[in-house]
2 protein chains.
Amino acid sequence: MPDSTSSDFSPTPRTRVRRLHERGRYDRETIYAILDAALLCHVGYVIDGLPYVTPTLFWREGERLYWHGSSASRMLRKQSEGIPVCLTVSHIDGLVLARSGFHHSLNYRAVMAFGNAAIVADDEAKAAGLNAFVERLYPGRTREIRPILPQELKATTLMSMAIDKVSAKVRTGGPVDDEPDYALDCWAGVIPVEMRLGAAIPDQHLKPGISMPAGLDHLGEDGVLPEILRVLAKRQVE
Amino acid sequence: MPDSTSSDFSPTPRTRVRRLHERGRYDRETIYAILDAALLCHVGYVIDGLPYVTPTLFWREGERLYWHGSSASRMLRKQSEGIPVCLTVSHIDGLVLARSGFHHSLNYRAVMAFGNAAIVADDEAKAAGLNAFVERLYPGRTREIRPILPQELKATTLMSMAIDKVSAKVRTGGPVDDEPDYALDCWAGVIPVEMRLGAAIPDQHLKPGISMPAGLDHLGEDGVLPEILRVLAKRQVE
């Protein structure tokens with residue numbers, strides 16, 4: 001269990017990074033940064049003993065993770081019973097080319113969070129959560145779009161889970177080769193990978209004379225999405 | 001079960017896309033294209049009734065998926081017992097901004113493949129598989145790097161799973177709003193998202209005079225990684 005006054009999560013038998021444990025991270029700053037830089041997570045859950053992994057939008061608010069979906073979804077119906085989930089977030093940061101196949105690798109940042117998902121049943125809290133998610137990505141947008149309708153709120157399930165059993169795994173830097181292999185006449189290095197934004201495509205049904213509002217300036221062409229998301233998450237806290 | 005002479009996978013109760021079923025896809029071409037464009041998958045499995053989701057490198061060869069890792073890994077030790085796994089692959093293609101919060105969305109392509117993972121026990125097949133993975137990403141590279149050592153082969157586990165119970169889910173295009181909302185003075189559209197390559201960073205221990213070989217030309221700056229991966233996968237088949 002985390003001590004909320006400490007900046008670290010204690011590794012448990014379930015969260016301790018076993019393989020390449022030097023890549024394990026348990027500090028709040030690293031874990032939150034990885035979560036906040038992501039838009040999509042992969043939620044794992046068990047139905048009738050079988051595993052399911054569903055990619056889904058998620059966000060963090062303080063010490064909790066949130067994700068949402070249709071109230072009719074098999075995944076959320078099952079999760080709302082309070083079953084255990086594993087919520088995993090990953091970023092690819094680079095291809096690592098070494099001097100042997102064995103040492104080829106990937107630079108990445110990943111978080112695995114374990115817990116029991118709870119449904120956010122209170123309508124007011126649910127609406128506030130959904131609006132906060134829109135505002136997190138698109139500051140000011142809930143003032144421009146129309147408000148949530150009661151039937152939309154009913155059709156949407158909001159799930160939440162405390163961040164307590166959690167760990168991160170991070171690989172950075174260049175290839176690490178076996179000593180004799182450095183003598184090989186072989187190129188080695190890193191090819192960075194980044195998730196970037198393209199130029200906005202206005203809806204074909206857009207009313208004439210409507211341009212992108214200043215509130216979306218942070219989503220300009222060539223922006224690096226994970227960095228944009230991290231800045232947005234920090235802004236929301238301030 | 002798939003009919004290997006047909007180009008479609010039959011949906012089963014487990015793979016049939018339930019929510020927004022118009023987004024469901026079961027044809028081989030769509031499913032293979034989504035798989036081949038990805039480098040990382042999220043493998044879900046169950047240990048003692050609890051779900052785990054591990055991000056891991058994977059690749060497709062014909063009608064099978066492969067992933068590898070350390071022989072000491074908890075994930076692979078467990079999976080090598082032939083337990084059920086759910087291997088999920090997802091791509092983010094764009095942020096969809098609609099005129100209501102409810103219709104905000106994400107353009108994405110995702111595949112969920114269910115099956116029982118099997119270990120590739122034969123050393124020759126394992127080495128061939130691992131080399132094929134290096135060649136898939138970096139054509140010609142196994143001729144430049146040193147060969148796999150016996151202890152490296154022993155330290156690596158290669159898993160494989162038939163692609164039979166599988167489905168894809170795809171969202172493309174602009175926002176779909178409620179009819180009255182098109183009258184709102186609100187910007188709407190799509191902001192594309194792409195995974196792009198940065199400029200290669202040579203290893204600091206690189207021997208002088210070694211430049212990137214022509215075999216890595218496909219990994220040039222600003223290349224779109226999923227498209228590069230798809231082209232590489234096709235090239236391997238030919």
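Nine positions of helix H3 of chain B are listed here by name: B:Lys126, B:Ala127, B:Gly129, B:Leu130, B:Ala132, B:Phe133, B:Val134, B:Arg136 and B:Leu137 are its buried residues. The model is predicted. H3 of chain B runs over residues 123-137 and has 15 residues. From first C-alpha to last, the helix reaches 22 Å, close to the 21 Å expected at 1.5 Å a residue. B:Asp122 caps the N-terminal end of this helix. One of its side-chain oxygens lies 3.3 Å from the backbone nitrogen of B:Glu124.

Aromatic rings were examined next. Ten aromatic pairs occur over all chains. One of them joins A:Trp59 and A:Tyr66. This pair is stacked, at 6.0 Å centre to centre and 15 degrees between the planes. Both A:Trp59 and A:Tyr66 are buried. B:Tyr45 and B:Tyr52 are also stacked, because their ring centres are 5.7 Å apart and their planes, at 15 degrees, fall under the 30 degrees cut-off. B:Tyr45 is buried, with a relative accessible area of 3%. B:Tyr52 is buried as well, at 6%. Ring pairs also link A:Tyr45, A:Tyr52 and B:Phe114 into a cluster.

The charged end of A:Arg60 lies over the ring of A:Tyr32, 3.8 Å from its centre. In chain B, the charged end of B:Arg28 sits over the ring of B:Phe9, 4.4 Å from its centre.

Finally, the two chains were compared. The same surface serves both copies, as 100% of the contact residues of chain B recur in chain A.

Terms used: Residues are numbered from 1 along each chain as its sequence is written. Chains are lettered from A and ligands numbered from 1 in the order in which they are written. This is a predicted model: local features need pLDDT of at least 70, side-chain atom pairs count only at pLDDT 80 or more; totals for chains, interfaces and linings use all residues. Side-chain values use heavy atoms; hydrogens and water are left out. Contact means heavy atoms within 4.5 Å. Helices (H or I, at least four residues) and strands (E, at least two) are DSSP runs, numbered from the N terminus. The expected span of a helix is 1.5 Å times one less than its number of residues. Buried means under 20% relative accessible area, exposed over 50%, partly exposed in between (1.4 Å probe, protein chains only). A polar contact is a pair of N or O atoms within 3.5 Å; within protein, one must be able to donate a hydrogen and the other to accept it, and residues adjacent in sequence count only if both atoms are side-chain atoms. Rings of Phe, Tyr and Trp (its six-membered ring) pair if their centres lie within 6.5 Å; planes under 30 degrees apart count as stacked, over 60 as edge-to-face and the rest as tilted. A charge sits over a ring if NZ of Lys or CZ of Arg is within 6 Å of the ring centre and within 35 degrees of the ring normal.
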